[in-house]
Amino acid sequence: MGFAKLRYLTGLSALALTMASCETIPTNNNTINNNQAATKNNKHQSDKWSYIGESGPNYWGGLRPEYSQCDAGDQQSPINITNTIATDLSAPLINWSPFVPTISNNGHTIEVKPSAGNTVILDGKSFELVQIHFHHTSEHTIDDQQYPMEVHFVHSAGDGKLAVLAVLLAEGHANQALTEIWSAAPAVIGEITANFTLDPNQLLPVDRQHYRYQGSLTTPPCSQIVSWLVFKQKLTISAKQIAAFSTVFGENVRPVQNTNRRYITSSK
Ligand SMILES: [Zn+2]
């Protein structure tokens, strides 16, 4: 048992330990890959908003004054990507290196934190990768088509603006990077330092063709500070990997929002 796991186990609830002791596999049963105790129990523990019921997406804007943009904003995300405008978009200059991640379950999703220095340059502006997280099902749809999962690579610039690179995952072969992340991700709210090196480029399509539009965070406070870049090429995820995530988080998806007067550009 590695240090990271030992450290995490000390934070487990009594219930989780009880349930874990019932597992037939003696190790690693505290991750989202192999759990019975955590199923959807941790949804309401981290803060007030959620994806279901009266704290769900339709109510976010009224939960707190600082969430008002969720209702009032006219550049909200996600959206259905359709009626795009073919444009000569420059490819994002992505400069990511492998790192030992910190992996947390924040009650809403699995969040992967990188070391410093991973950047993307969009139209000459540099943004730094601050975290990677996951949604089931996809938040963006392409011509009304939804996909089983979506990865968000959140990048921040010095001026507070964000660039989020989104990758849609279709069901197919397992993704090796996700196998590693899922095997370490806590099944209940908590954080671990991984005992492996993650290459985030494994979660990136080779083809850099993409869509772009201006939008918001897809979770409260729904701030309209995001340049979205959604890759056209999909990667795959296995049915088993999807199930491991959805067993813990259910559907952590905000419905698509009105496009209003925004342009959605598409690289030629
Ligand atoms: Zn997201």
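1. The chain's secondary structure comes to six helices and 15 strands; helices (H or I, at least four residues) and strands (E, at least two) are DSSP runs, numbered from the N terminus. This is a predicted model, in which local features need pLDDT of at least 70, side-chain atom pairs count only at pLDDT 80 or more, and totals for chains, interfaces and linings use all residues. Residue numbers start from 1 along each chain as its sequence is written.

2. Of the 268 residues, 39% count as buried. A residue is buried if 20 or more other C-beta atoms lie within 10 Å of its own, exposed if 12 or fewer, and partly exposed in between, with C-beta atoms placed from the backbone. Among contacts with a separation of 6 or more, 69% are between residues 24 or more positions apart; two residues are in contact if their C-beta atoms, placed from the backbone, lie within 7 Å.

3. Helix α6 spans residues 239-249, and its buried residues are Q241, A244, F245, V248 and F249. Seen down the axis of α6, these fall within an arc of 110°, so they line one face of the helix; the arc is that of the directions from the helix axis to the C-beta atoms. An α-helix has 3.6 residues a turn, so residues three or four places apart point the same way. The cover over the buried residues of α6 includes β7 (125-135), α5 (176-184) and β14 (235-237). Exposed residues A239 and K240 sit on the face turned away from the buried side. After α6 comes G250, with a positive phi near 65°.

4. Strand β9 (residues 149-156) is mostly covered, with six of its eight residues buried. β9 pairs with β7 in the antiparallel sense over seven bridges, where two strands pair if DSSP finds at least two bridges between them. L129 stands opposite H155 in β9.

5. β9 also pairs with β10 (residues 162-171), again in the antiparallel sense, over eight bridges. F153 has L165 in β10 as its bridge partner. The hairpin of β9 and β10 has five residues between the strands, and G160 there takes a positive phi near 90°.

6. P78 lies in the loop between α4 (69-72) and β1 (80-81). Leaving aside neighbours within four places in sequence, P78 is in contact with E139, H140, T218, R254, V256 and Q257. P78 and V256 are 178 residues apart along the chain, yet their C-alpha atoms are separated by 5.0 Å.
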